[in-house]
Amino acid sequence: QNGLQLMAPLIAMWTPLLYSVGCLRSMKDMRSSALAYQIILPCSLLVGMLVLVGGFKLGVTGAIVALLIATLLSLLTAARLTLRHFGPLLQNPDIPQKRELRTLLGFSIPQSLTAATFRLNLQMDILMLAWLGDMPEVGMYTVAASLAMIGSLPTNALASMFNPFIAELIYIKQLERLDGLLKVVTRWLVVGSIPLYLLLFLLPNVFLSIYKPEYQAAASSLAILAAGQVVATACGPSMRLIPMSGHSVLNLINGVVALILNVSLNYLLIPKYGMLGAATATGVTLAAWSIWRIVEVWFMFRCFPFTRPTWIVGGVAVLGAAFIHASSLKPIATLGATVALLVLFFALAFTMARGPEDTAVLERIKSKLQRRR
């Protein structure tokens, strides 16, 4: 109860924070958006946790206070950067104010409900495990779920970069350019995120070893969640086409269907399998939710994210991981096989999944580094 009361101010801060970040992205100011939302927020939270929880031993109360402080700092930064763009516009008396509430609410209300269902889908396994399972499992599973979510960071970063271009290309009806950009972004995401998921899937005990020994029981759950996140991450850029093209109602329907599937699977699997059931329900929901949205994108825009090199590189990683996992090797042998698979993956990515666009980007990065030297 005290925790819920302490977290109530987050509602007042979170909405203007997201609004400010959205304004920055609409101006294609990705640097400011990343600074306010993806750098200051998590870094401030980490420092606050170390001080209040690790130093002053304030426990859950300290964690909530750290989150409040981090959110406030992120909000102040985002608001200041937003006013830098829109301050002169808002203060100009010659520009007439025009409000199209029906149009705005017709898009924003389904979007807000979609965001709510998305959050529920992310947390439903933990909530239902606390209801249907054992409380010790809840703590162990929460750690596994948090570790599995680390791999979603590249997706969020690329989505922030990709969203304005989606809206622009759909508006000017340049679907061929959109399809080409989608393939490039998906290839980058697959190459950049799969190595982390391979480590989470094949070496979950290594990641859980920083916690108390009893947390090793969550290793299988972590591996299952990582497998589900692989599909969601690879399909991430495609899924953004639905809301960014104005189909907010369809996006809401997708979220509600996924929520129903998630709740049903959790209800069926948790009583029998505990946290393994929760992980399976979440992994299946993530994969199915992602795949059917790719089908929708194909029928709506004739855009498909995967090229032959992406299929080959991703397929080698998935099949290799499945083979290593099924072999039940000893820990040292598993580590060696994982390293060998990563070397093969990067070699294939460098030789096969590297297109002209990647070469141009790498050359730009190289020239910038040389100028800074």
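A residue counts as buried when its relative accessible area is under 20%. By that cut-off, 41% of the 373 residues in this chain are buried. Keep in mind that you're looking at a predicted model.

**Fold and dimensions**
- The chain is built with 16 helices and zero strands.
- Its radius of gyration is 22 Å, close to the 21 Å from the globule rule for 373 residues, so the chain is as compact as a globular protein of that length.
- Along the principal axes, the C-alpha atoms fill a box of roughly 70 × 55 × 50 Å.
- If you take the contacts with a separation of 6 or more, 78% of them are between residues 24 or more positions apart.

**A look at Thr82**
- You'll find Thr82 in helix α4, which covers residues 59-90.
- Thr82 has 9% relative accessibility, so it counts as buried, given that the cut-off is under 20%.
- A polar atom of the Thr82 side chain lies 2.7 Å from the backbone oxygen of Ala78.
- Leaving out residues up to four places away in sequence, Thr82 touches Ser20, Cys23, Leu24 and Gly87.

Technical notes. Residues are numbered from 1 along each chain as its sequence is written. This is a predicted model: local features need pLDDT of at least 70, side-chain atom pairs count only at pLDDT 80 or more; totals for chains, interfaces and linings use all residues. Side-chain values use heavy atoms; hydrogens and water are left out. Helices (H or I, at least four residues) and strands (E, at least two) are DSSP runs, numbered from the N terminus. The radius of gyration is taken over C-alpha atoms; the globule rule is 2.2 Å times the number of residues to the power 0.38. Buried means under 20% relative accessible area, exposed over 50%, partly exposed in between (1.4 Å probe, protein chains only). Contact means heavy atoms within 4.5 Å. A polar contact is a pair of N or O atoms within 3.5 Å; within protein, one must be able to donate a hydrogen and the other to accept it, and residues adjacent in sequence count only if both atoms are side-chain atoms.
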